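Opening the notebook on this one. I want to look at the ligand site and then at the packing of the nonpolar side chains.

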Amino acid sequence: MPRKVLVTGGAGFIGSNFIHYLLDRYDDISVINLDDLTYAGNLRNLADLEKDPRYFFIRENICNFPGLQTVFKKFEPDYVINFAAESHVDRSILDPDIFIRSNVLGVQNLLKLSLDCEIERMIQISTDEVYGSLGESGVFTEKSPLDPRSPYSASKASADLLTLAYYYTFNLPVNITRCSNNYGPFQFPEKLIPLTILHCLKGEKIPVYGDGLNIRDWIHVDDHCSAIDRVLTDGIPGEIYNVGAQNEMTNIEMVNTIICALKELRPDLPLTEDSIVFVPDRKGHDRRYAIDPEKIQKTLGWKSRMPVSEGIKTTVEWYLNNVNWLESVINAEYLHYYSVNYRIGNPLPKL
Ligand code: NAD
Ligand code: DAU
């Protein structure tokens, strides 16, 4: 019998990469992708799998318990991996409510059903942001205290605590992964890297918050997927695993790396350091993140493979080869969010 994996939020950036990752590697599994197709969910990310008999898509919201229950009863999954969440910090500052519903109450539904249906393993995909902000030195380990600062990270930390409660109280075999900033194909262009590429292609200035010296620790999405795969196979129930590739960069360094890659691949684009504009800072902007991945490296033998310079280049190439994908996600909702967040009246020109 093939093992059945219920992937929630599989039409988003990391979830869709993870589904591809699993189906590319394993013949003896089937994947049920449950996603409510919010602004960030996009079935184009999985169009190549439409005819794959190992892949099923269900449109459902993890906040709808009866609907979710029907899916659990129909498919009887062996594993549940939850990517479904509102994932953008800036949106959580503009409107926190939906973050609590999807990221906390939705997770409670998944945990309850995973317990009722005696799931073999439930993995909650969490984030390094639950640890808060670092000063100039130090790294996040799994023992670092939870200190979330944004409504987004507070909702993710809440879900982590609930997930652990199901382990300690009910013995539900859970894992939590806490990964640093991902980049790669299919990332929605509200996030720094695809937003930078989009702005360069449109001849618009790249908005950098504050002084541009905030630090993020970047990892290619394929490396995140391989870490989740290791946890799914060999993770110890109840354990938390930090995932990161030890690539700390200031936002300015990252934006300049993208500009360099674009200059090489598209010398016709008029790109200079003047392409950057410093805009008002994000409220409560975390200064620095840095993940210590030693636990997953030592206990599960995982390591990241993609050097950041190569990863950014292939990512930029992907967006250049998929301009239609980029254009297709720039709809009225996106433009509205964009004008509110950046306080800009003019819509982005067409590519
Ligand atoms: P994303 O915003 O690209 O995708 C989220 C997906 O979840 C979308 O397909 C959306 O339609 C779906 N979704 C949202 N609310 C839902 C609901 N209530 N019911 C059903 N589906 C719903 O997010 P992403 O960047 O792919 O992140 C995936 C997960 O990984 C999130 O839990 C996020 O917190 C976590 N994470 C992200 C990063 C990163 O750098 N992007 C890093 C670490 C952890
Ligand atoms: O660390 C993991 C987290 O990484 C995930 O949990 C989140 O889901 C994911 O969105 C990401 O959060 P960040 O807030 O770090 O990612 P974002 O791409 O929004 O921002 C990266 C950095 O770039 C951050 O310091 C803010 C800055 N930034 C972002 C945008 C969108 C800018 O300077 N300008 C921008 O326009």
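My entries below go from the ligand to the cores.

Entry, the model. I'm working from a predicted model here.

Entry, the ligand shell. I looked up what sits around ligand 1 and got 28 residues, with Ile14, Asp35, Ser87, Tyr152 and Lys156 coming nearest. Sorted by class, the shell has 12 nonpolar, 12 polar and four charged residues. I then checked which elements supply at least two residues each: helix 1 (13-25), strand 5 (121-127), helix 5 (151-170) and strand 7 (181-183). Strand 5 gives the most, three residues.

Entry, polar contacts. Which side chain has an N or O atom 2.6 Å from an oxygen atom of ligand 1? I found that of Asp35. On the backbone side, I noted a polar atom of Gly12 at 2.9 Å from a ligand oxygen, and one of Phe83 at 3.2 Å from a ligand oxygen. Then I looked at cover: of the 840 Å² of accessible area that ligand 1 has on its own, the protein covers 97%.

Entry, the cores. The largest nonpolar core came out at 39 residues, and Ile193, Met254, Ile258, Leu262, Ile312 and Val316 have the most contacts inside it. Several elements supply at least two residues each, including helix 6 (192-202), strand 8 (206-209) and helix 10 (308-321). Helix 8 gives the most to this core, seven residues. I followed up on Ile258: neighbours within four places in sequence aside, Ile258 is in contact with Ile193, Thr196, Ile197, Ile312 and Val316. Apart from that core I found another, of 34 residues, with Ile14, Leu22, Val221 and Ala227 among them. Ile14 had already turned up among the residues nearest ligand 1.

Note on methods: Residues numbered from 1 in each chain as written. Chains lettered and ligands numbered in written order. Predicted model: local features only at pLDDT ≥ 70, side-chain atom pairs only at ≥ 80, totals over all residues. Heavy atoms only, no water. Near = heavy atom within 4 Å. Polar contact = N/O pair within 3.5 Å; in protein donor to acceptor, adjacent residues only side chain to side chain. Areas by Shrake-Rupley, 256 points an atom, 1.4 Å probe, with all protein chains shown as cover. Helix = DSSP H or I, 4+ residues; strand = E, 2+ residues; numbered from the N terminus. Nonpolar A, V, L, I, M, F, W, Y, C, P; charged D, E, K, R; others polar. Core = buried A, V, L, I, M, F, W, Y, C linked by side-chain atoms within 4.5 Å. Buried < 20%, exposed > 50% of the residue type's maximum accessible area, 1.4 Å probe, protein only. Contact = heavy atoms within 4.5 Å.
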